[in-house]
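Here is a short briefing for a first look at this structure. Keep the sequence and the 3D view open as you read.

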Amino acid sequence: MPNASTMPSEPTMSGISGTSVTSQSSGRAGFLRTRLPLVGGIAAGSVLLLAGPAFAHVSVQPGQAPKGGFATVNFKVPNERDNASTVKVEVTLPTDHPLASVMPQPVPGWKVSVTKTKLAKPIEMEGEKITEAPSKVTWTADGKGVEPGQFQQFPLSIGQLPEDADQLVFKALQTYDNKQVVRWIEPTKEGGPEPENPAPVLKLTAAEDDAHGAAADAKSGDKGGDAKTVAAADTSDNTARLLGAAGIVVGVVGVGFGVFAGRRRNA
């Protein structure tokens, strides 16, 4: 009868089980270490990409006004730099549909000038023949300007809005104190993607019965309609910033968890 001490030993279930558990644990740790930082980074980047365009470019608000009337609009200029301030804003007025009346509202800390150009073809407004019209409005900071993380609105009363157009395109130049100039002049094609530097656009809606009444509504909108529009836009901007911050937190947590899992694996 063979001696029990010389018989080959059989592998125990505990040994097999221990090897399997160790392999599975290391596999999970490796997966978490390599995947979670990537997932967190993608989440952060995706949120930031969605949040950025909401407050990145110069725009005109409200975005529409009735044809044939007068309106008060605001050119909203956000600072998109982290290390420079906006010190000059130039808005070129449309020449294909000239605006005979352009009156800027004073903005504290800024000087404003209106440039006029002789018209190739005179226009009539309220029975008077107009031979020249404003072609550009320039705001120049006499202080710090629009600092990083801030925006400024520049109000204009404009008219008479054309009745034979569906929109007015305003080209804008934004100058920083480091001499950089951002040219918001690219047209937006209907149905196409938004360009990198879109020009501000004012949509023109169906004319109202009383053009002067429309102008009065627009001016009173500083306390009513326009204020609601501006408040909604500011809320959208704040939401975008909060989403961007949340994305960054998700990315940081993902990276931290991956590093922690790697340390436990090495230990």
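Ala 65 sits opposite Leu 204 in E12. The model is predicted.

- The open sheet has 3 strands, in the order E2-E12-E9, with mixed pairing.
- Strand E2 (64-66) and strand E9 (167-169) are the edge strands, each pairing on one side only.
- On average, neighbouring strands of this sheet are turned by 25° against each other, direction ignored.

**The largest nonpolar core**
- This core has 32 residues, and Ile 158, Phe 170 and Leu 202 touch the most other members.
- Several strands each supply at least two residues, including strand E8 (151-159), strand E10 (171-176) and strand E12 (201-205).
- E3 gives the largest share, 4 residues.
- Leaving out residues up to four places away in sequence, Ile 158 touches Phe 70, Val 73, Leu 99, Phe 170 and Leu 202, among others.

**Backbone details in loops**
- Most residues other than glycine have a negative phi, and most peptide bonds are trans.
- A cis peptide bond links Gln 61 and Pro 62, with omega about -5°.
- Pro 62 lies in the loop between strand E1 (59-61) and E2.
- Another cis bond runs from Gly 159 to Gln 160, with omega near -10°.
- Gln 160 is in the loop between E8 and E9.
- Lys 179 is not a glycine, yet has a positive phi of about 80°.
- Lys 179 belongs to the loop between E10 and E11.
- Lys 179 counts as exposed because its relative accessibility is 73%.

Methods. Residues are numbered from 1 along each chain as its sequence is written. This is a predicted model: local features need pLDDT of at least 70, side-chain atom pairs count only at pLDDT 80 or more; totals for chains, interfaces and linings use all residues. Side-chain values use heavy atoms; hydrogens and water are left out. A nonpolar core is a set of buried Ala, Val, Leu, Ile, Met, Phe, Trp, Tyr and Cys residues joined through side-chain atoms within 4.5 Å. Buried means under 20% relative accessible area, exposed over 50%, partly exposed in between (1.4 Å probe, protein chains only). Contact means heavy atoms within 4.5 Å. Two strands pair if DSSP finds at least two bridges between them. Axes are lines fitted to C-alpha atoms, for helices over the stretch in contact, and angles run from 0 to 180 degrees between N-to-C directions.
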